[in-house]
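Dear colleague,

I am passing on the structure below, together with some notes on what was found in it. Please read the notes with the coordinates open beside them.

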Amino acid sequence: MGVGAVRSLCLAGLTLVGGVWQVGSVAQASEDAGQAAVEQAVSEQDLSEQVVGGGEIAISSAPWQVALLGSSTSSGYLAQFCGGAIISARWVVTASHCVRDDLDVPLTPGDIQIGSGSASLFDYGSASRVGVAQIIEHPSYESGSLLNDIALLRLSSDLDLSGTNRAAIQLPFSVDAGSWPARDTAVTATGWGCTDVLGFEDSCSNYPDALRSVGLSVQASPGDWQCAEVIGYWSPLMMCAGTAGGGADTCSGDSGGPLVVGEGPSALLAGITSWGDGCGLAGYPGVYTRVTAYVDWVSAQTGITATPATPVVETPAVDGFNALGPTRLFDTRSGSLVGNGGEGGAPLVFRVGGVAGVPVSGVSAVALNVTVTGGSAGGYVTVYPCSSGRPVASNVNFSAGATVANAVVAPFGAGELCFYVSGATHLIADVSGYLTPV
Ligand code: 4AZ
């Protein structure tokens, strides 16, 4: 596919001239220009030129920004035709008009790849891109009016959002859509779009390779009449952003990219770059898809839901201790030594649920005092719920003839405790309390 053809997929500037929508294509480089020659020419552009305002930014300042790239063009610079925003590792939101060709025919997932994590389009060679598995246009998108100019791209693999160069922008779930964003709210638009101030019928001659951002102001609060000269009617589905004197705007190639309120992790996606009359002209702010009108649709399509403003800290439940007695559970001193003289053999089994004041259920652990005394050989005692296997660690270690007492907390299990005695000793157990989950 030709260079110009790719970059004009959605670079087609939509201009309202004399009340008639016109779609003008922007030829950016000739079909047969070699890639190297084009990149050389681009690198010689005056990128400090303040066109449509703003300036270059690092990707970490807008880590949600992605480039929509024509998959058959290997140069990232030449392939880029629209912007988009990461809303989760698997989903990108963009403009619906970005996923149609010049003839308004829907693109297929194989036509589009995503570049992310770099401010430089030169970094988006074919090997660095992620594929698109599914395109979901808004079902009510109207290409004539650009109403409902929003689409979702399901990626063919997850983006790695662990670093500082890629992040999801939050959708405005928790705002009051009737008042947010208010008139004069500072917003930021980003993209690789045209940097020229353009009259209604001008075509672009400067496309940057480095990502740029521009600060704009919301032109009217939701519900107020706005952009009369541009939209020509009031719609709750669009919003306008610009500056009083012009000179700061989005332009061809920025479409589909984010218009953001706030910055960093608290930034919210307010708009999607959609269209405008010219670029940067005083009195003609850019028009954006109003995202608050679509959060429920996006959520239904993607499963993305509101993230809590403050992370929920999971505090581990600390069980409550209920003191008892201590009450004697058993004492073997009136009989023979217990134990097996060494390893092997069966444990002593005692019921503790419903015994010595311990409830039958709702208990997480039992606290005991375990004493060994007068044994004929050294050894150890392991106390554990009979419903689970004997753990490796012992609770009381003793030598021949010694008396050793230990406090032991044993999980309640099914209410029966097993006392495994290695060696031979007298054994005394007193219940001193139990733990209940809180
Ligand atoms: C475009 O064609 C486009 N001035 C995007 C934004 C604006 C104009 C045109 C706003 O992608």
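In this predicted model, strand E4 (residues 65–70) and strand E5 (residues 80–86) pair in the antiparallel sense over 5 bridges, where pairing requires that DSSP finds at least two bridges between two strands, and strands are DSSP runs of E with at least two residues, numbered from the N terminus. Within E5, Cys-82 is the bridge partner of Leu-68. E4 also pairs with strand E7 (residues 112–116), again in the antiparallel sense and over 5 bridges, and there Gly-70 has Ile-112 as its bridge partner.

In a regular strand the side chains alternate between the two faces of the sheet. In E4 both faces are covered, with Gln-65, Ala-67 and Leu-69 buried on one side and Val-66, Leu-68 and Gly-70 buried on the other; a residue is buried if 20 or more other C-beta atoms, placed from the backbone, lie within 10 Å of its own. Over the chain of 438 residues, 45% count as buried.

Residues are numbered from 1 along each chain as its sequence is written. Because the model is predicted, local features need pLDDT of at least 70 and side-chain atom pairs count only at pLDDT 80 or more, while totals for chains, interfaces and linings use all residues.

Best regards

Terms used: Buried ≥ 20, exposed ≤ 12 C-beta atoms within 10 Å, placed from the backbone. Helix = DSSP H or I, 4+ residues; strand = E, 2+ residues; numbered from the N terminus.
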